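Keep the sequence and the 3D view side by side while reading. The text below goes from a sheet to aromatic rings and then to the nonpolar cores.

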Amino acid sequence: MTENLQSRCLANWNMEMKLDPAKDDLPLMANTRHMLVKHYVLDLDVDFKSQVIEGTVVLFFEPGSRCEKGGSAGEGPCLSQSYETCKIRASEPCHSPVTNVSACSSKTEYNDFAVCAKGEKDTSDKNGNHSNREQVSGISSSKNCYDIENHGNEDFLLVLDCCDLSVLKVEEVDVAAVPDHWREQLYYYTRCSQAPGCGELLFSTGPWSLMIGKAEVQAPRDFPHAIRIWYKTKPEGRSVTWTTDQSSRPCVYTMGSPINNRALFPCQEPPVAMSTWQTTVRTASCFVVLMSGENSAEPVQLQEGVLSWYYYVTMPMPASTFTIAIGCWTEVKQESHIADIRTTNEFSSLFSRADLRLIEGSCGHVTYPCRFQNPAASSQLVIPHRVFAPWCLKDRCAEILLELIPRCLSAAHGTLGTHPFSRLDVLIVPSNFSSLGMASPHIIFLSQSVLTGGSHLCGTRLCHEIAHAWFGLAIGARDWTEEWISEGFATYLEDVFWAVAQQQLPHDEAREQQELKALLRWRRLRDEVQNSEEELQVLRPNKENTGEVSESGTCIIKHGLNAEKIFMQVHYLKGYFLLQSLAKRIGEATYFEFLRKFVQKFHGQLILSQDFLYMLLEDIPEQKGYGLSVENIIQTWLDTSGIPKPLLEECQTWDQCRLVQQVNDEVTKWIQVNQRARKRSKRKRRQDEVTFQKLLPDQLVLLLESLLEEKTLCLRTLQCLEKTYHLDEQDAEVRHRWCELVVKHKYRRRYADIEKFLKEDQAMGVYLYGELMVNEDAKQQELAYKCFAATQKQMDVSSAKVVAEMLF
């Protein structure tokens, strides 16, 4: 490596090492202002024995956009230009012939490289990274921000986000240009990605980045148009989870962790780096490969026992949205089932005013085959979908999911219009998955926890993840810290979709259920605010600097690696209450009509909070007369910790809800039962007759939360409670509160319920460990240690870290 590039790599490495571990900040190192990846071509082999994914990724570049700081999404300064205007001045081509598309796999090419490199000196570091830079040492004490700039005549250095990878080789690919016809484009990308290399590039790895340079190249425009990176993942890589499914079969999936995909392949993680991708994956024939892709891949047999799977995406999205799941999944089918997807109930009439026609004018995003301009797609209530699960959960999925998915998809379409994606796979992931669900393009992960206790929890969670197709995927946050744009909208829309999906549910009943849900969320937010740092309660931690990046495009995500923050719901809850407040003030019919317009305008783009708020007040100007402004909304709801003042005033009304009053009446009955049970002597065990009402799942949650506030419940009361509501058969939300009651009152007969919950409902059980430890009861602490020992090896890394801090 030249002395110039070596010094640049060292400076970059030193800056990465300055991260303050106490703050758990996450660096986005890619210099996206200089170079933008337009397309990724991944060619991968998956080895379950070694728990390694290896192969190549080819990156096709366009010049980065030196956007104005603070520009709005509507102006589009940070978005890729149209394909015609993004032609690149590539380095001089080598004019080597392009190989046949099916000539060889990445594994064959990798083996050829390994043979050629046998005589070379091993330059791999202790982490398995190979580098052709000279060894450098020393740590700078500089306090400059994370920024990689060109100064004077220094050579240009491309920086990618990368960690937990063994990078073996980087080379320039002999490609001069890529055709701009979409029907031919994937084919040409494939051919170009398999073109011969025409010279190795200099590279070095840091803790969070991969730095690549070419001698004498001093400007991004002269950097290679396309590069090929040979690499291997590591079994401990934080972007992928190697585990076993509920049928004890091996599987691997990307986990949507805070570091996203940088331990799966070197990439540009900042949201502005919106790209397309195509992926070929080879693995043993017993495995099914599911992935973010527009096509439902049909595997091709390469040789006995080996299948190849191919997926592609033509809608540009951030690399962080890419998802893969490989396992012995079983497709769940029910041949005789025909879903009833009518949405003619009273509640759905709220959406009848919404204009179903396409809004005139072209889309505001880069050119791609957009469904919003396709009349056939616009009228498609239910997109094609499949369900996959481990074999042992097949029947349960057939019973619950096959009926729910069409209803929830149809309800979403009735609210927001055109589905942004052409198809959907739903996968039940292993028990160590750290959330109840996760949405990615064309695929949704659901926890097994949603399959118990009827359809309520499964339906609401499915609605939440479907909502992310619009908010989180088709419309993304330009700044990662504005999580509320994704999670707040999904939480709000989950109620709206579910009210429609519950067929024949009258409008008044739907409203009552939403008020009950609002009370439960209010209680959760109140508890979270009381037990968390103020800094973590702010929805825009960067405030007026939100959306700004350095001159090169690098930035820091505050508390991005904070394990505790992953389990906080403040962005979900405060965002939900803000949207609910706006809907109530504007009127639901007008509000949903506006949401359709907003989706039509901003799909395919990245936004900041003010983009939504400015359009809302411009579209409904009468609200300005009531003192509603972008500035006071941001100050009251987004830039301030704690509970917003308007919410403190509104929360008192939910106690008057009929469903809440029913629960209050039942709580009174249980307190009386408990008082009588405590007074009754051992000889007088006859139970006084008490009639308890049947409660909805959310009512049961509120009931148990209310009883948790009682100082003592005798064992006889707990036994009666368990028997009355069949608590061990309820959904995970109810069973979690039941486990809290068991812990609080040391109900040893039901410790097995806690053990089962901690092993099978890991997405929700983290804080139960804290409950088991806080009482300083030897039996409970022994149970906590036992469950953690049984699950720790396969537990999500962030979950394991939080639990370990509670236990040790």
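Two strands are said to pair if DSSP finds at least two bridges between them. In this predicted model, strand 13 and strand 16 meet that condition, as 4 bridges join them in the antiparallel sense. Within this pair, methionine 291 stands opposite isoleucine 324 in strand 16.

These two strands belong to an open sheet of 4 strands, whose order is 10-11-16-13 and whose pairing is antiparallel. Strand 10 (240-244) and strand 13 (288-291) are the edge strands, each pairing on one side only. On average, neighbouring strands of this sheet are turned by 15° against each other, direction ignored.

How are the faces of strand 13 covered? Val288 and Leu290 lie on one side, Val289 and Met291 lie on the other, and all of them are buried.

The next topic is the aromatic rings. A pair of rings is described by the distance of the centres and the angle of the planes. The structure holds 34 aromatic pairs. One of them joins tryptophan 277 and phenylalanine 322: their ring centres are 5.5 Å apart and their planes stand at 75°, so the pair is edge-to-face, since planes over 60 degrees apart count as such. Tryptophan 277 is in strand 12 (residues 274-284), while phenylalanine 322 is in the loop between strand 15 (306-318) and strand 16 (324-327), so the pair ties together parts that are 45 residues apart in sequence. Are these two residues buried or exposed? A residue counts as buried under 20% relative accessible area. Tryptophan 277 has 1% relative accessibility and is therefore buried. Phenylalanine 322 has a relative accessible area of 3%, so this residue is buried too.

Tryptophan 738 and tyrosine 747 form another pair, with ring centres 6.0 Å apart and planes at 85°, so this pair is also edge-to-face. Tryptophan 738 is buried at a relative accessible area of 1%, and tyrosine 747 is buried at 2%.

Rings can also be linked in a cluster. Ring pairs connect Phe471, Trp484, Phe489, Phe594, Phe598, Phe602 and Phe612 in this way. A ring may face a charge as well: the charged end of arginine 521 sits over the ring of tyrosine 576, 4.4 Å from its centre.

Phe612 leads on to the nonpolar cores. The largest nonpolar core has 215 residues, and Ile212, Ile229, Leu401 and Phe612 touch the most other members. Helix 5 (residues 394-416) gives the largest share of this core, 12 residues. Which residues does phenylalanine 612 contact, leaving aside its neighbours within four places in sequence? The contacts are Trp484, Phe489, Leu579, Leu582, Tyr591, Phe594, Leu595 and Phe598.

A last stop is arginine 585 in helix 10 (residues 570-586). Arginine 585 has a relative accessible area of 42%, so this residue is partly exposed. Its C-alpha atom is separated by 10.0 Å from that of leucine 628, which is 43 residues away along the chain.

Terms used:
Residues numbered from 1 in each chain as written. Predicted model: local features only at pLDDT ≥ 70, side-chain atom pairs only at ≥ 80, totals over all residues. Heavy atoms only, no water. Axes fitted to C-alpha atoms, helices over the stretch in contact; angles between N-to-C directions. Buried < 20%, exposed > 50% of the residue type's maximum accessible area, 1.4 Å probe, protein only. Phe/Tyr/Trp six-rings, centres within 6.5 Å; stacked < 30°, edge-to-face > 60°. Lys NZ or Arg CZ within 6 Å of the ring centre and 35° of its normal. Core = buried A, V, L, I, M, F, W, Y, C linked by side-chain atoms within 4.5 Å. Contact = heavy atoms within 4.5 Å.
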